[in-house]
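Work through the exercises below with the sequence and the structure in view. Try each task before reading its solution.

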There are 2 protein chains.
Amino acid sequence: MQGVLDIPEELREIQSVVVDGLARVSDVFDEQLRSELPPVDTMCAHIERYRGKMLRPTLVLLCNAAARGSEDLSAVTDRAPIVCGAVSEMVHMATLVHDDVLDEAEIRRRGRTINAMKGNETSVILGDYLIASAYELCSSLESPVPSRIVGRASAVMCTGELLQLHNRNNLSLDEPTYFEILKRKTAALIGAACELGARSALGFDREHDPIAEALRGFGLDLGIAFQIQDDVLDLTGTLEEVGKSVGKDLEKGKLTYPIIHHLAHADDETRERSLIDVRAIGEGDSSDVASLIERIEGTASLEATRACAVSYVESAKSRLSAIPDGVAKPMLTLLADAVVTRSH
Amino acid sequence: MQGVLDIPEELREIQSVVVDGLARVSDVFDEQLRSELPPVDTMCAHIERYRGKMLRPTLVLLCNAAARGSEDLSAVTDRAPIVCGAVSEMVHMATLVHDDVLDEAEIRRRGRTINAMKGNETSVILGDYLIASAYELCSSLESPVPSRIVGRASAVMCTGELLQLHNRNNLSLDEPTYFEILKRKTAALIGAACELGARSALGFDREHDPIAEALRGFGLDLGIAFQIQDDVLDLTGTLEEVGKSVGKDLEKGKLTYPIIHHLAHADDETRERSLIDVRAIGEGDSSDVASLIERIEGTASLEATRACAVSYVESAKSRLSAIPDGVAKPMLTLLADAVVTRSH
């Protein structure tokens, strides 16, 4: 999942309006992970390399402002949205760290040398430390509601990962299962970030608030669109450097939308040839990537995938009609549009 | 850490008095992990093999009764101690599952075959699912206090694991660092379980309650004694089957109390020979285990270790003077004594 949801250049402007809030999120984040034990601090320094562009805290802050209909994005004075921003980033980073834990099969295939960083065990414990710290921080808020939202989203994320692992190398993975994985694995936490932002403005005790639900729905749609676009980039990145690098998803035995669409729309002979290529890539032989992608283009599957992502972006934007006007609302629209135009 | 804190035969009687509560804990535990996704349920079935003897839920229930000074241990009607029991067991099981994630170096050394269970990645995600489910369940309580206690204890546990990993193969590990690791890695969660039990009886809003603090202290001391006894068993188990099985701690490059004591009390020549053996075992060569243990016995280090464990048990029991009389208090005393008499 690494690299997913990095904010592209064109969104720097959006982040600049919440820059004060993000700086406070960053401080809370660092403060929470600080330890009186020097070796723990040293090992935590390795977490830095997973640091992304803070998309989730940005969404928390924007949704907080959007729910308030605020005209001034720097006016976050409450601690709750800052804490929720740091928590959502910490949970996300934990998944990135744990994604780096390799299966034995992969370790053998890649023939990695013994890692100076102590490898898998360090990744596991550092990820656990991030998760535990996120929960500790979240529960420092007065209301148990944010902890419920974060706990629920984290558990759903794990079920998405389990479902994906269960379907590894399943070459007949269908579209509904693909979407189920993606909603759980990626969209749940984005939706939670938006909900946390909204409810930290509206009051955590207010249940079933239409604004909070609209923003949560916005986040879920956005998360789905993001992941679909990521699946496209995983393949088209391959196209640009065929032979050098191969789609990581296929390499890991993960079927994504473009492949599922292609296999469903190709004629029997083409499908058979593509299945042979997909299997070979999953086994570490990427020599036929170029011809696979050619065949995928033959069924217009990349276009279909992009169209699917666009439809989720449109759905996300339509949710914003329930949100009061203010300076954050157009930023959320901009952010949604950028999801499908980003190229990295 | 697997196997630590299993309740020995002689404690079955203690558990039998909280059997109704434990059955409810078990139901809540299973219910929380149940998924509407069949593959998730299938993978969760593998968690069963980590299921221990529910020491932590037993402590939650006993401390709940102890804080109430109750004469009837089956009289738990509140949901809070049941939920806290299930949460503490879930967090503990997550650590067992994650302990199974192996470093590349170890995989290579042990030459494990590719695992039908998908190996490391499954362990990581299943452990994460347990942690997330524990937090979700804990936050279902009205008060954010139990989430704070559990979040804090989990984070402290991780720092203990990080400190241990940092000191792997550190042959000059000193006693204070050893105790720091052990307090964090093992005692923190036991202390939290006792505190959760007490505060679920006394009311989570009551801060700095002397009964809750006494029971938390009891749990911390108990946890330390348990882990020290486990370190003894790790070595004496080796003695029984020399050549067949080697102390897991030494194999993983972990120095424990008996070794630290031995190295501190041996003459220079003996220490040098022992250091050579310790290094060899850490590298997978256990041919000299028997002579190492003979030398450890030469410095009376096993006796010293047992005496150290006993002193923590005495300290734990002395904490109980602050606790109202009732049926649970003598059970806690019995449980503390059993820690140092157990042989498995």
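The structure is a predicted model.

**Exercise 1. A histidine in a loop**

Task: Decide whether His208(A) is buried or exposed, and state where it lies in chain A.

Solution. 
- Step 1. Locate the residue: His208(A) is in the loop that runs between helix H9 (175-202) and helix H10 (210-240) of chain A.
- Step 2. Count its neighbours: His208(A) has 6 C-beta neighbours inside 10 Å.
- Step 3. Apply the cut-off: exposed means 12 or fewer, so His208(A) counts as exposed.
- Step 4. Look at the backbone: phi of His208(A) is near 50°, which is a positive value in a residue other than glycine.
- Step 5. Turn to chain B: His208(B) is placed in the loop between helix H9 (175-202) and helix H10 (210-240) of that chain. His208(B) has 6 other C-beta atoms within 10 Å and is therefore exposed. Its phi is near 50°, again a positive value in a residue other than glycine.

**Exercise 2. Chain A as a whole**

Solution. 
- Step 1. Consider contacts in chain A between residues at least 6 apart in sequence: 80% of them join residues at least 24 apart.

**Exercise 3. Two chains and an axis**

Task: Find how chain A is related to chain B, and describe the side of chain A that touches chain B.

Solution. 
- Step 1. Chain A is superposed on chain B by a rotation of 180° with 0.0 Å of shift along the axis, and the RMSD is 0.0 Å.
- Step 2. The two copies are thus related as by a two-fold rotation axis.
- Step 3. Pro144(A) is the residue of chain A that comes closest to this axis, with its C-alpha at 2.4 Å. Both copies use the same surface, since 100% of the contact residues of chain A recur in chain B.
- Step 4. The contact involves 48 residues of chain A and 48 residues of chain B. On chain A, helix H3 (38-44), helix H6 (104-110), helix H7 (119-138) and helix H8 (145-166) each supply at least two residues of the touching side. That side is made up of 22 nonpolar, 15 polar and 11 charged residues.
- Step 5. Take one residue as an example: His166(A) is in helix H8 of chain A and touches Pro39(B) and Met43(B). With 18 other C-beta atoms within 10 Å, His166(A) is partly exposed.

**Exercise 4. A pair of packed helices**

Task: At what angle do helix H4 and helix H5 of chain B pack, and which residues meet?

Solution. 
- Step 1. Two packed helices are described by the angle between their axes and the distance between the axes.
- Step 2. Helix H4 (residues 55-68) and helix H5 (residues 79-99) of chain B pack at about 150°, and their axes are 8 Å apart.
- Step 3. Angles over 145 degrees count as roughly antiparallel, so H4(B) is roughly antiparallel to H5(B). Their crossing is right-handed.
- Step 4. Residues of H4(B), including Val60(B) and Leu61(B), meet residues of H5(B), including Cys84(B) and Ala86(B). By class, this contact has 6 nonpolar, 4 polar and 2 charged residues.

Note on methods: Residues numbered from 1 in each chain as written. Chains lettered and ligands numbered in written order. Predicted model: local features only at pLDDT ≥ 70, side-chain atom pairs only at ≥ 80, totals over all residues. Contact = placed C-beta atoms within 7 Å. Helix = DSSP H or I, 4+ residues; strand = E, 2+ residues; numbered from the N terminus. Nonpolar A, V, L, I, M, F, W, Y, C, P; charged D, E, K, R; others polar. Least-squares fit on C-alpha atoms with pLDDT ≥ 70 in both. Axes fitted to C-alpha atoms, helices over the stretch in contact; angles between N-to-C directions. Parallel < 35°, antiparallel > 145°, perpendicular 65-115°, else oblique. Left-handed = near helix turned anticlockwise from the far one by under 90°. Buried ≥ 20, exposed ≤ 12 C-beta atoms within 10 Å, placed from the backbone. Lists of a residue's contacts leave out its neighbours within four places in sequence.
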